[in-house]
Amino acid sequence: MAAVLGRATVRIADFLRDHAPLLRKLQWGIVAIYAFLLIVPALLPLPDNAASVFDNLTVVAQFAFWGVWWPFVLVSMPILGRAWCGWLCPEGMLTEWASERGQGHAIPKWMRWGGWPFVAFAITTVYGQLVSVYQYPLAVLAVLGGSTLAAMAVGWRYGRSKRVWCKYLCPVNGVFTLLAKLAPWHFKVDEEAWRHPVIRIQPVNCAPLVPLRHMKGSGDCHVCGRCSGYRGAIALTPRSPEQEIVHVADGDPWQTALICFGLMGIAVGSFLWSASPWFVTLKQWAATWLVERDIMWPLLDNAPWFVLTHYPEVNDSFSWLDGAAILAFAAGAAAVVGGASFASLWLVDRIVPMREPATRLGGLHKLAQALIPSAGIGVFLGLSATTISLLQHEGMGTRWVGPVRFTLLALAVLWSLRLAWRVLALRPGGAARRVAAWAVFAAGLAPFCWAWVLFFALW
């Protein structure tokens, strides 16, 4: 069975390699649809409350972007790897196209900074909440359109036929890198065959700048198939979905920050604030404090739409206080939920340390990789809340949603616990210490799980 599956994956990769022009035509088709849904709704009047996906283009675009595209792109990562990036992503296509015709400058040192995936994700996530990106087409144009223009500018300026934007600056690159580590296939490099190729060597353009000879995992690979069969040493190969996290990935500080404080912190706060009574209490307390001191300007809603939500024609405008409260809520979630997960990792790494003291901090970041299933399902649940809202607006029954949500959350948490146990099993120490460390790891997930219970069941 494994041999049959292996041959099938090789044929898929070879098909992608041999039909690159067809793949590019498909990508241009996606670009056209993307541009249409991005630009045209922003030129139309805002829909009223009776507008439906069946009769209003703005609602269609809203459902396409936030009801289908983003939630299920995330789902595709642990199933197909970063196939979305290599096969369909309009930004990836446009940045590479611009790079083919651009100036070809060397990539600057500042762009190679490892913290950009976390910083870009945090800024984009919070900014999207401030301008209500899930509700208004102008906000979509600002967030997604601005990102696309930046991708093209970076492609035109740096590299030659490369996806420099995707490698270093894309706001979701870090998220995709993490989730793709769970994919059940990857391009495996046979180092012996690489050293002694027995076939003619054709040049390969790896657009996402993956060092092919030393490629070990699937986090950075866009599954475009261009390197399939290169030097007779690279082949798309099935593997265990846990292989990379347990035996390959070492993790790094910025990935740990993205997992704990980004996906399990800032993202959770950004999804939960609109339903939280704590947010209302915080804002009321702040407003009372300001009024008592005759400080009135934070209560004004005069910010432009590209800074804070401002659509007075539909009675929806954020004051400066609203914006500050959203920022405070997201920061609080990062501190409480993300801080709890990080603190548990720190404690676990001291209960069952790595063999060599010099590698202990690296051990913490290795252990953080076990949180990827939980962090990923959290973002999916948050994004799919928009999907559910849109379905409810169309009159579809959603009684099944609650059980499905909690089932997915439970399965993801159990997977994280299993991965943590397997990673801990590779460390020295007795069974009792390992069980204690595993229990601490589980306790660190409690605030994360409780946040979703509040959002979906209690608020």
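I began with Gln369, which sits in the loop between helix 15 (360-368) and helix 16 (372-393). Helices here are DSSP runs of H or I with at least four residues, strands are runs of E with at least two, and both are numbered from the N terminus.

I noted that this is a predicted model, in which local features need pLDDT of at least 70 and side-chain atom pairs count only at pLDDT 80 or more, while totals for chains, interfaces and linings use all residues. Residues are numbered from 1 along each chain as its sequence is written, and side-chain values use heavy atoms, with hydrogens and water left out.

**Entry 1**

I used buried for under 20% relative accessible area, exposed for over 50% and partly exposed for values in between, with a 1.4 Å probe and protein chains only.

I then listed the contacts of Gln369, taking contact as heavy atoms within 4.5 Å. Neighbours within four places in sequence aside, Gln369 is in contact with Leu178, Lys181, Ile245, Ala249, Gly251, Gln255 and Ile259. I found a polar contact between the side chains of Gln369 and Lys181 (2.6 Å). A polar contact is a pair of N or O atoms within 3.5 Å; within protein, one must be able to donate a hydrogen and the other to accept it, and residues adjacent in sequence count only if both atoms are side-chain atoms.

Not counting residues up to four places away in sequence, Gln255 touches Thr177, Leu178, Lys181 and Gln369.

I located Ser228 in the loop between helix 10 (191-195) and strand 2 (234-238). Ser228 counts as buried at 4% relative accessibility. Which side chain does the side chain of Ser228 meet in a polar contact? I found that of Asp14, at 2.6 Å. With neighbours within four places in sequence left aside, the contacts of Ser228 are Val10, Ala13, Asp14, Arg17, Phe187 and Ile234.

Arg231 is also found in the loop between helix 10 and strand 2. Arg231 has a positive phi of about 60° although it is not a glycine, and it is buried, with a relative accessible area of 17%.

I recorded a positive phi of about 60° for Ser161 too, again not a glycine. Ser161 lies in the loop between helix 7 (137-157) and helix 8 (164-168).

**Entry 1. Helix 18**

I checked the span of helix 18 (residues 431-444): its 14 residues reach 20 Å from first C-alpha to last, close to the 20 Å expected at 1.5 Å a residue. The expected span is 1.5 Å times one less than the number of residues.

Which residues of helix 18 are buried? I listed Arg434, Ala437, Phe441 and Gly444. Seen down the axis, the buried residues of helix 18 fall within an arc of 75°, so they line one face of the helix; the arc is that of the directions from the helix axis to the C-beta atoms. An α-helix has 3.6 residues a turn, so residues three or four places apart point the same way. The face of helix 18 turned away from its buried side carries the exposed residues Ala431 and Ala432.
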